[in-house]
Amino acid sequence: MLTRYPSIPLPRLLCLRTMAVLLCCLFFCPQTDAQIRFSHRSRSLTTSARCLLVSGTKSSPKSFRFATVAEALRFAESHQASDTLWTEIYISPSVYWLDNPDDPEIRRPAPGSSTPYAMELRVNRLRLIGMGDNPEDVVLACNRGQTQGADGNFTMFHFIGQHIEAENITFGNYCNVDLIYPRNPKLNRPKRKQAIVQAQIAICSGDYFALRHCRFISRLNLCPFVGAPHTTFDDCYFECTDDALCGSGLYRHCRFTLFSSKPFYSTDHRMPARLIDCDLHCKTRGIQYLTKTSGPITIEDCRWTSDDPSLRIEWCKRPDPRHRCIMTGCTLNGKPLELPTPTEPLPVDLPPLAIAPQPLIIPGQWTIDCFKPSDTDAYDWQADPGRAAWGYAQGVDGAEDCWGMVQLQKGARLMYTPADTTLHPRRQECEVEMDPCKGPGQGFGSATGQYLDICIQFHTPTLTGYGLRFVRTPDYDRAVEVLLVAYDHGHITPLTRGVRCDLFKRGCQLRLVATDSLLTAVISNTHVSDASGQALTQTLETVVPHTYRYGGFHLQHTGSTGASATVIRKIRLK
């Protein structure tokens, strides 16, 4: 029934009702006119909560358009909590930084984690799509790595979820690689540092990741979507050095540029890596290994090329016959290449013969313990006096087949206290021979307070004396720095500036001499020679600020163990 109001004519009443309907539509109906229509590969698309557009312009969440990839990912994460639909993010050509490269702050891990991430995401059924003509047009970038803008192995993404896909995108950690963007050279950016450190792309906690027509650019620890049992790479490209590739990946029609000899640390023993119809170019010389530690792998119908015409390809230094390693239908520089499946039993690896701790300082005896020096307080590790810090063992990698005293935990320490502490020698000398496990010469696992100090004229009860330090710094990935140091009641100060040393590798020898006024260190290496065949040496010398005549010896190692340890073959005191 239509109620008439004498004071309002009927046409005017209809007009008011029309306005009310329009207001209801405005406030309570979806604003479809805010959505954006766009096309991709001849498909007409409209933005929505499940179809996001990243265009590099001002963000408009109501239109489902975002200026950055990070904003779009956070929006997708917030809208995926309770449904089973896929979300697609279309990305226009440009360079998108997932972490501000100009921010001087050091990135650190979140509490309870050891890895700093640019983004951690809890998402399922997510698809990232680059809208360029090729993967180089859409670049997702960061440029931090271990000790270079980050405390830890900086990683662009941590994906927590199932069914993540990406296509036609470059994922790059440009910490140690120049970013070159031909579409707009103004977006180019030089590498953060020359020295190569761990700089990663994506860690996956979940399953079913698929990457198509993508590029993955970094060097050490590339980590292109690693961690999931099922990860497929189709028509992708990889640049990397060691410990880099996904050990459970299925690689089809992919291309690789390998800058060092062990692109896989290992492979997944249940879902091992498999390469099918791929092209691999080796920049290494001598021997190209596939894995650092033994793991199963299958390589079918792949083409290897090399800058070294005499390059050899092998599975790893010690392939385990229990691992199914198969290569069929492959070539190296155009010639047939067939690697035999490992069948020989592995050599017997004797476990380290642990040496019981002897923490007491007793004249005429060695102190064998672990200790955390004061200048490592910024690094989160503790020495454990309840377990052995040293063992008699064989080294690995660069120190393979070398036997001696090897560190079993960070902070391993050796000290000798003279039998007659009343003697005060005017001159003391020591010779130490050692074989670091790091073959290229960087000595330690990372530049995180990891060093080896060797000291003489040392007073063991008060930790006072002089010595030489070998230390890894962010400036070098194939060398260490060396400097002379002073200990004063456990407080350590440099006596000289640090200088590069390329001799801290297998065959390294140190001769350290202290007198009343001078401290001299001569470093040499029987395996490193100049053009004439003479063994190279390096000398450091300084006038000491105080005269110490304590006669004790001190060796302190704060580096990682295992493949980062140092085999101490000989200590001779005079």
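Helices (H or I, at least four residues) and strands (E, at least two) are DSSP runs, numbered from the N terminus. The structure is a predicted model, in which local features need pLDDT of at least 70, side-chain atom pairs count only at pLDDT 80 or more, and totals for chains, interfaces and linings use all residues. Residues are numbered from 1 along each chain as its sequence is written, and side-chain values use heavy atoms, with hydrogens and water left out.

Leaving aside residues up to four places away in sequence, its contacts include Leu 222, Phe 238, Tyr 251 and Phe 264 (contact means heavy atoms within 4.5 Å).

In the largest nonpolar core, which has 75 residues, Tyr 251 is one of five that touch the most other members, together with Phe 157, Phe 171, Phe 216 and Trp 304. Such a core is a set of buried Ala, Val, Leu, Ile, Met, Phe, Trp, Tyr and Cys residues joined through side-chain atoms within 4.5 Å. Strand β14 (residues 200-212) gives the most to this core, six residues. A second, separate core of 38 residues includes Cys 430, Met 434, Cys 501 and Val 528.

What of the cysteines? A search of the whole structure finds zero disulfides (pairs of cysteine sulfur atoms within 2.5 Å). The sulfur of Cys 175 lies 8.4 Å from the closest cysteine sulfur, that of Cys 142, which is too far for a bond; Cys 175 is buried, at 0% relative accessible area. Cys 214 is in no disulfide either, the nearest cysteine sulfur being that of Cys 236, 5.1 Å away. Cys 214 also counts as buried, at 1% relative accessibility.

Turning to open space, the second largest pocket has a volume of about 690 Å³. On a 1 Å grid over the protein atoms alone, a pocket is an open set of points where a 1.4 Å probe fits, with protein on both sides within 12 Å along at least five of seven lines, and lining residues have an atom within 4 Å of a point. Among its 29 lining residues, Arg 318, Asp 349, Gly 395, Val 396 and Asp 397 are closest to the centre. The largest share of the lining, three residues, comes from β32.

Technical notes. Grid points are joined across faces, edges and corners, and a volume is the space filled by probe spheres set on the points. Buried means under 20% relative accessible area, exposed over 50%, partly exposed in between (1.4 Å probe, protein chains only).
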